[in-house]
Amino acid sequence: MIIRVDKCSTFGIKNALTKSIQYLPKLLINKQLIPKINIGEAFQYLGRYFSFNMSDEHHKSELISLVEELMADIDSKPLHPKNKILLYSRYLLSKLSWHFTVSSVSKTWVTENIDSKVNSYIRKWLDIPISGTLSTVFLTRNKFGLSICPPSVKFIQCQTVLRKTLKTSPNEAINDLWKATSNSKNIQYDVYNSTKQVLKDFRSGQEDKLHTQLTCQGSFFTNITKFSLSQLTKIWSACQSNLPKNIFNFTVRYINNSLPTRQNLARWGLSPTSDCSRCLAPETLLHVVAGCQSYLERFTWRHDSVLNFLATSLQTVSGSHLYVDFPGYKSPSIITGDTYRPDLLLSTSTSTGTLYIVELTVGFESNLQKNVERKKSKYKELIREQNEHFNSVKFVNLSISSLGVFSKECSTFIEMLNDFDFQKQHQNYCIRRMTTIAIRTTYYIFCCRNKEWMNPELLSV
Ligand SMILES: [Zn+2]
């Protein structure tokens, strides 16, 4: 056997009176001295560093430089923020998992040293100011988050896998090792059955925080989980990820209410006033994108942009008559008279057919349900009247939010599309377009706050 002396090392510990100390052993092979591990330094065995005081300093410094180097590298690339996040999730986190498994650093250390570095880059990529919470982006996509997992959660996952491997090993000695180490520090990892459960626990913790502590930043989340049509969340998320960087980041900051409205700027000490320049009410996000009475024509422009797309899509329904409250179309008042002016009517045939009354509302997330109720009672009488002229009358209460989220009541809209034999793919296409128009128009309205409105053309995407 050939022994490569330069590939070997010696590490010595000996008894000195009452305690053990590290010393430098002199061992020779073939008259060659085996290199020594100096006092205080560590040697690596199967990827784990061992030093006299078992301090994990080597793992810590490697972790820190790995994170610093890779995050700076990802940061320097001219990529969309969603792709930077993807690189972080798929590449960087997996690079950390070895250290997270073999070393015995603490969760607190990971949170304080690694999470904080990663979070500052995530804030930078998404333009989230320090006062904006990251809880919303930690949620999954079907909760309007970006499915980001911080390093400390990855760390708990690695420890959970390690602990479980020890516990379920076929080797009894290994099981004994697990038992012997089921002490205070490891108890927190022994409670989990799987890595999935670690992530689930973390995310439900973030949800709790948004519901109970960060009520202002969690308002979007709270309203949306209660009142939105959950089957369409996937489509919303796909629309979001197709947006260009600036509008993508706008949606993220809209969701955690960290956009620079005057109320937020005043809160952050960056504006002398929190009032709207037009009406002196507090300039909140709701006020800018759906509330201010002097911005009404802007909100109408958004409403009409969505309605315009809807009318165009419904033109193709064969054997039906379309009435839209819009130039270029037959007016709904031909059927309903002048008392009620619903946005859109579709009748399949006279007297024996069905009349669809479509009323579109684009409002702030916190009003999603209120708008449904308001429109329901507003059109109650009209529905009753029309029931005398049509075999059946269906009211399509299309209440969507300014960020393009469909309310529960929009299931009536899907039913209508089904009645007209719209294929699933075509339905999703319509919803995607309506969502995107709502997001883009709201973005434009936000950018024009406290500025003149130049009456732009209706937006079509
Ligand atoms: Zn105002």
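The model is predicted, with local features needing pLDDT of at least 70 and side-chain atom pairs counting only at pLDDT 80 or more, while totals for chains, interfaces and linings use all residues. Residues are numbered from 1 along each chain as its sequence is written.

**The sheet**
- Four strands make an open sheet with mixed pairing, in the order β7-β8-β9-β10 (strands are DSSP E runs of at least two residues, helices H or I runs of at least four, both numbered from the N terminus; two strands pair if DSSP finds at least two bridges between them).
- At the edges sit β7 (321-324) and β10, each pairing on one side only.
- On average, neighbouring strands of this sheet are turned by 15 degrees against each other, direction ignored (axes are lines fitted to C-alpha atoms, for helices over the stretch in contact, and angles run from 0 to 180 degrees between N-to-C directions).

**Strand partners**
- β7 and strand β8 (residues 344-347) run antiparallel, joined by four bridges; leucine 322 has leucine 346 in β8 as its bridge partner.
- Strand β9 (residues 354-363) pairs with β10 in the parallel sense over ten bridges, and leucine 360 stands opposite leucine 398 in β10.

**Helices on the sheet**
- Helix α14 (residues 296-314) lies across β7, β8 and β9, at about 150 degrees to β9.
- Helix α16 (residues 368-378) packs on the sheet and touches β9 and β10, its direction making about 155 degrees with that of β10 (contact means C-beta atoms, placed from the backbone, within 7 Å).

**Burial**
- Strand β10 (residues 392-401) is largely enclosed by the rest of the structure, because seven of its ten residues are buried (20 or more other C-beta atoms, placed from the backbone, within 10 Å of the residue's own).

Notes. A residue is buried if 20 or more other C-beta atoms lie within 10 Å of its own, exposed if 12 or fewer, and partly exposed in between; C-beta atoms are placed from the backbone. Two residues are in contact if their C-beta atoms, placed from the backbone, lie within 7 Å.
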